[in-house]
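Here is a short briefing on charge pairs and nonpolar packing. Read it alongside the structure shown below.

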Amino acid sequence: MMTTDMVLPFYLTGDEGSQPKIRGRIARLHTQMDQIIGRHGYNDVVSGLCAETLALTSVLSSMMSFEGVFTVQAKGDGAVRTLMADMTDEGAMRCYAAFDEEDALLQGDYQGPALLPRLCGSGYMAFTVDHQVTNRRYQGIVELDGPHLGDAATSWYNSSEQLKTLIITMAEKTSSGWVSSALLLQHIATSGGKMTDDLYAQPEEMDEAMSDLWHTAMTLCGSVKSEELLNPSLGLDTIIYRLFNALGPHVQPAKMVTDSCRCSDEKVRAMLEGLSAAQRADVADETGDLAVACEFCKTERLFTLSDFATD
């Protein structure tokens, strides 16, 4: 079996020359992601939505240059109220969801790609970069636009970043666990062609040759089959060369994705120390124990009221 849980950057130069004209990312998540989803114990519909969100987060985070954390968070008024995944610049990923366990929409098998309006209702999706070094935060927000998860992200790029973008996400539950994938194409502006933190950059019009290249790339991208994207035995580079062989594809080094949560005893203790003695007493049980479980990795940490000074 091929190595799984990675993002593979690539770019397309077109028929002539070596100048990158379209940037791309393709991700496939399997063994590490299945561990993340498995510990939550969600039903198949919510698990599939989380799997897609993790794949989307992996390709979007790899488009940006940052030291810190990139987060995708969807909020809605439907059966799935919250959907959140984040990834560090080193590839550590995690996720969680909040939802109505009794809602009939969430019963049964996962039939992806997930239909956001049906599952999440009306709401928004936020894309956030938290820079660790500068302690600065950049955020873009877009309505849950379009039927699929990738559509909301595409809308964000097209409207706020003013960059023509196409994103496909999909997931599947297999005999060896959950597998998800995302494929992203984006026009590179000739003014520099790098992602910035400016969420309101001015658009750049394509010339005729670039427009033809872009439409050809989108058509080829749309022809990819789930059997290819979700096959852990098929190399991601093989998919790129199959799809875009006539468009000058160039593959770059892959970025690995790992199952790793950022919670710690120290962070939980600091959170509890930030509460007043009365607040800690309110959340403690009758024996004075304070049990805190991480929403992401489900690790439970136990403290007692005697561990903290009284106010």
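A search of the whole structure finds seven salt bridges, each a side-chain nitrogen of Lys or Arg within 4 Å of a carboxyl oxygen of Asp or Glu. The model is predicted: local features need pLDDT of at least 70, side-chain atom pairs count only at pLDDT 80 or more, and totals for chains, interfaces and linings use all residues. Residues are numbered from 1 along each chain as its sequence is written, and side-chain values use heavy atoms, with hydrogens and water left out.

**Salt bridges**

- Asp-86 pairs with Arg-262, with the closest N and O atoms 3.2 Å apart. This pair links distant parts of the chain, 176 residues apart: Asp-86 is in strand 4 (residues 80-88), and Arg-262 is in the loop between strand 12 (258-259) and helix 8 (265-273). Helices (H or I, at least four residues) and strands (E, at least two) are DSSP runs, numbered from the N terminus.
- Asp-86 is buried at 1% relative accessible area, while Arg-262 is partly exposed at 27%. Buried means under 20% relative accessible area, exposed over 50%, and partly exposed in between (1.4 Å probe, protein chains only).
- Asp-130 forms a salt bridge with Arg-137, the closest N and O atoms being 2.6 Å apart. Asp-130 is partly exposed at 23% relative accessibility; Arg-137 is exposed at 57%.
- Arg-301 bridges to Asp-265, with 2.5 Å between the closest N and O atoms. Arg-301 sits in strand 14 (residues 300-304) and Asp-265 in helix 8, 36 residues apart, so this pair too links distant parts of the chain.
- Arg-301 is buried, at 13% relative accessible area. Asp-265 counts as partly exposed, at 45%.
- Shared partners join Asp-86, Arg-94 and Arg-262 into one salt-bridge network.

**Nonpolar cores**

- The largest nonpolar core has 59 residues; Leu-54, Leu-60, Met-125 and Phe-127 touch the most other members. Such a core is a set of buried Ala, Val, Leu, Ile, Met, Phe, Trp, Tyr and Cys residues joined through side-chain atoms within 4.5 Å.
- Helix 2 (residues 44-61) gives this core its largest share, ten residues.
- Another core, of 27 residues, lies apart from it; Leu-8, Val-179, Trp-214 and Leu-230 are among them.
- Leu-60 touches Phe-70, Val-72, Phe-127, Ala-153, Tyr-157, Ile-167 and Leu-184, not counting residues up to four places away in sequence. Contact means heavy atoms within 4.5 Å.

**Ser-62**

- Ser-62 lies in the loop between helix 2 and strand 3 (68-76).
- Ser-62 counts as buried, at 15% relative accessibility.
- Not counting residues up to four places away in sequence, Ser-62 touches Val-7 and Arg-25.
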